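Please look over the sequence and the structure before reading on.

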Amino acid sequence: MNNESDVVVVGAGHNALTCAAYLAEAGLTVTVLEGRPIIGGNTVTEELTLPGWRHDSCSSAHVVIQSNPMISRDELKLREKYGLEYIVTDPAVVVPFEEDDALVIHPDVERTAVNFERFSRRDADALRVMMGEWDSGLRRAHAYFQAGLELPDDEWSIRYRALRARSAWDVVMSNFDHPVIQRAVMWTSFATIQPPERSGTGALPAAILAGRLKFGWTTPRGGSGALPNALAAHVRDHGGEVHCSAWVESFLVEGGHCVGVVTADGTTYRARRAVIAGSHITTLSSSLNVPAPRLDDAASKWQPGLSVFAVHFACSSHPTYRKSQGSVAAVAGALGSPEGLRRQVDAALAGRVDADDPWLLIVDSTAVDPGRAPGAVVKFLTIAPELLNGQPWSDSAADALARDLLAYARRYVDGLEERNIVAMRPESPTTIARHNRANIAGSCHGGEFHLEDGSVIPGWLDYRTEINGLYLTGSTSHPGGSVSGRPGRNCARVVLGDLGIDATTLLSTP
Ligand SMILES: Cc1cc2nc3c(=O)[nH]c(=O)nc-3n(C[C@H](O)[C@H](O)[C@H](O)COP(=O)(O)OP(=O)(O)OC[C@H]3O[C@@H](n4cnc5c(N)ncnc54)[C@H](O)[C@@H]3O)c2cc1C
């Protein structure tokens with residue numbers, strides 16, 4: 001085996017693979033090293049409950065990545081050539097607001113606004129205005145922000161910065177009046193698991209809603225793992241290699257330049273031009289053989305943020321949501337009021353569980369992708385404290401919370417009765433952290449950085465490190481977690497620029 005290539009990429013989460021694929025597309029030879037026996041990180045599809053039932057262990061919704069030109073322009077031909085297929089779901093999300101009624105959000109602004117009119121004409125118009133402004137200019141400013149580029153020098157960028165600076169809570173409550181609409185928009189604004197009352201989250205209501213109103217609850221056919229599989233196929237097709245069970249223990253620095261890595265089995269992989277760390281930022285400096293005070297400083301600012309709690313079910317039938325006229329199946333269901341969410345976030349940050357009226361996402365990918373299982377694969381996702389009473393979660397405590405969530409869901413949803421559940425697997429923050437060593441403390445979106453000025457950012461802003469040739473990607477770099485592919489694509493742009501490789505055709509848009 002030749003252990004030298006132009007670039008070594010550490011980790012095979014979708015971001016590291018995205019970066020690897022762009023570098024391979026630009027003509028570099030790339031070696032990707034993944035510590036787990038399978039690629040994908042938190043974009044992975046596994047038989048978690050029973051043989052033949054293919055669950056998304058972590059992410060299911062690939063909505064954010066739809067605005068990344070890697071997908072929207074198919075820059076790497078993942079859709080045309082490497083088998084990646086996305087399903088735009090309709091409904092996008094169903095929001096039960098009473099035990100026998102629900103509001104439906106469609107992948108269409110006008111149809112959704114008409115559904116809003118049932119509760120408030122004013123709120124329906126507020127939705128039209130919010131989405132109109134997003135499309136007129138805020139969307140473009142957001143794309144530059146996500147791409148890690150200077151925002152255009154125009155009025156929309158000024159408005160976008162002002163919007164971002166606010167809190168999601170403030171934006172939702174000041175734009176919408178009716179409690180049902182507030183419930184739906186607040187629920188949606190929390191989809192990237194950031195405390196809604198925190199300043200700096202003000203763009204989330206429009207950004208997340210715009211994604212759902214255009215792409216539904218975008219579901220990759222075959223499961224979340226379809227994305228890393230397509231990326232790995234692209235890398236191999238371009239002469240690269242992707243190795244699993246290859247945990248990187250240390251990074252080699254010679255003469256101030258990162259020249260390679262060493263894996264747990266003692267194998268050295270040398271890089272002629274660059275090393276990309278898709279590993280967690282806090283593990284990096286301790287894996288170097290030289291001091292790196294700037295990386296230490298970044299690591300010291302990192303905190304896990306809110307941890308998540310998931311429950312995976314194998315079900316004999318699809319969950320359905322009761323509406324005033326009939327009932328509806330959906331890929332995504334949205335439970336919980338703004339007040340319930342506020343209490344739950346406060347409790348989680350104080351180390352307690354509040355499951356009285358919690359924010360709960362119910363995902364049934366098999367509603368649109370039945371080939372994944374002999375029945376329905378269903379997932380609950382909510383937040384929970386990293387530690388319970390100061391201790392890691394026990395299996396029995398996780399089971400108890402899963403059963404509480406089930407009882408709560410049954411108030412609004414049919415098809416989750418005991419007789420419909422073939423198997424159940426709760427995942428607490430403790431086991432989610434074990435699943436992927438990047439999910440430190442059960443964090444699911446890469447955590448967050450608390451800066452000296454009091455602001456909180458989801459991803460470290462610099463893809464370069466103080467070590468020449470060593471770069472950062474992954475959910476601890478800008479713009480943070482989610483299946484966005486942004487940290488990967490942004491990092492590739494910086495690396496190619498530093499290597500003097502013209503990437504203007506490949507990466508022409510934000
Ligand atoms: C339960 C859950 C549900 C979620 N749901 C959604 C959702 O529906 N939609 C959404 O957009 N986002 C969701 N997220 C968040 C999203 O999945 C992640 O933010 C995103 O997948 C992170 O991708 P990544 O490539 O940056 O890193 P990761 O997916 O964390 O991948 C990092 C990879 O690097 C490997 N690695 C790390 N260090 C080393 C090393 N030293 N050597 C070798 N390999 C290493 C790890 O093993 C891992 O495979 C969810 C997350 C969780 C946990």
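Which helices do the buried residues of α6 pack against? They pack against α7 (179–189) and α8 (204–215). Keep in mind that this is a predicted model.

**Overall fold**
- The protein chain holds 14 helices and 24 strands.
- Its radius of gyration is 22 Å, close to the 24 Å from the globule rule for 510 residues, so the chain is as compact as a globular protein of that length.
- The C-alpha trace spans about 70 × 55 × 45 Å along its principal axes.
- Buried residues make up 56% of the 510 in the protein chain.
- Take the contacts between residues at least 6 apart in sequence: 69% of them join residues at least 24 apart.

**Domains**
- The protein chain is divided into two parts: domain 1 (4–46 + 223–302 + 444–498) and domain 2 (306–442).
- Between the C-alpha centres of domain 1 and domain 2 there are 30 Å.
- At the contact, 10 residues of domain 1 meet nine residues of domain 2.
- The side of domain 1 that touches domain 2 has one nonpolar residue, nine polar residues and no charged ones.

**Ligand shell**
- The ligand is surrounded by 39 residues.
- The closest are G11, G13, G41, S279 and G481.
- By class, the shell around the ligand has 16 nonpolar, 20 polar and three charged residues.
- α1 (14–25) and β14 (307–315) each supply at least two residues of this shell.
- The largest share comes from α1, with three residues.
- Where does the ligand lie relative to domain 1 and domain 2? Both domains give residues to the shell, so the ligand lies between them.

**Helix α6**
- Helix α6 covers residues 168–175, and A168, W169, V171 and V172 are buried in this helix.
- These four cover an arc of only 165 degrees around the axis, which puts them on the same side of α6.
- An α-helix has 3.6 residues a turn, so residues three or four places apart point the same way.
- The partners of the buried α6 residues are, again, α7 and α8.

**Residue A441**
- A441 sits in the loop between α13 (429–435) and β22 (448–450).
- Is A441 buried, exposed or partly exposed? A441 has 17 C-beta neighbours inside 10 Å, so this residue counts as partly exposed.
- Leaving out residues up to four places away in sequence, A441 touches P304, S307, E386, P429 and A433.
- T430 is 11 residues from A441 along the chain, and their C-alpha atoms are separated by 6.9 Å.

**Residue G326**
- G326 is in the loop between β15 (320–322) and β16 (327–329).
- Why does G326 count as exposed? G326 has 8 other C-beta atoms within 10 Å, and a residue is exposed if the count is 12 or fewer.
- D100 and G326 are 226 residues apart along the chain, yet 9.6 Å separates their C-alpha atoms.

How values were computed: Residues numbered from 1 in each chain as written. Predicted model: local features only at pLDDT ≥ 70, side-chain atom pairs only at ≥ 80, totals over all residues. Near = placed C-beta within 6 Å. Nonpolar A, V, L, I, M, F, W, Y, C, P; charged D, E, K, R; others polar. Domains from an automatic or database assignment. Rg over C-alpha atoms; globule rule 2.2 N^0.38 Å. Buried ≥ 20, exposed ≤ 12 C-beta atoms within 10 Å, placed from the backbone. Contact = placed C-beta atoms within 7 Å. Arc of directions from axis to C-beta.
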